[in-house]
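This report describes selected side-chain contacts in a protein model. Please consult the sequence and the structure shown here while reading.

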Amino acid sequence: LVELFLSELPKRIESINAAFREGDAATLTRLTHQLRGASAGYGFPTLGTAAGEIEDRLRSLGKAAAPLALARVSAEINTLIDLCRRASAA
């Protein structure tokens, strides 16, 4: 199951990047929520923590602030993507 999780990380990265580029805060919130839960279950707590921080930040800023929310999580998105790439390469 861990191998399956790792093999799906590139697709998750692609989906997160797409949602971010499209300015889709709702989808980005959903994707980070899913990654948060799956990461912890498969033994990747650092990924889960990074995804959770993004999810929490987006939720705290709310729907009305979607463009601002995305701008504020840009660095965190890059960190999460880097962590995912490193995990899938290991």
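## Salt bridges

Glu55 and Arg36 form a salt bridge, with their closest N and O atoms 2.8 Å apart; the term denotes a side-chain nitrogen of Lys or Arg within 4 Å of a carboxyl oxygen of Asp or Glu. Because Glu55 lies in helix H3 and Arg36 in helix H2, the pair ties together parts that are 19 residues apart in sequence. Helices are DSSP runs (H or I, at least four residues), numbered from the N terminus.

Glu55 is buried, at 4% relative accessibility, whereas Arg36 is partly exposed, at 30%. Here, buried means under 20% relative accessible area, exposed over 50%, and partly exposed in between (1.4 Å probe, protein chains only). Arg36 also meets Asp56 in a salt bridge (3.0 Å, N to O).

## Basis of the model

The model is predicted: local features need pLDDT of at least 70, side-chain atom pairs count only at pLDDT 80 or more, and totals for chains, interfaces and linings use all residues. Residues are numbered from 1 along each chain as its sequence is written, and side-chain values use heavy atoms, leaving out hydrogens and water.

## Aromatic pairs

Two aromatic pairs are found in the whole structure; rings of Phe, Tyr and Trp (its six-membered ring) pair if their centres lie within 6.5 Å, and planes under 30 degrees apart count as stacked, over 60 as edge-to-face and the rest as tilted. The rings of Phe5 and Tyr42 are stacked because their centres are 5.1 Å apart and their planes are at 20°. Phe5 is buried, with a relative accessible area of 2%, while Tyr42 is partly exposed, at 32%.

Technical notes. Helices (H or I, at least four residues) and strands (E, at least two) are DSSP runs, numbered from the N terminus.
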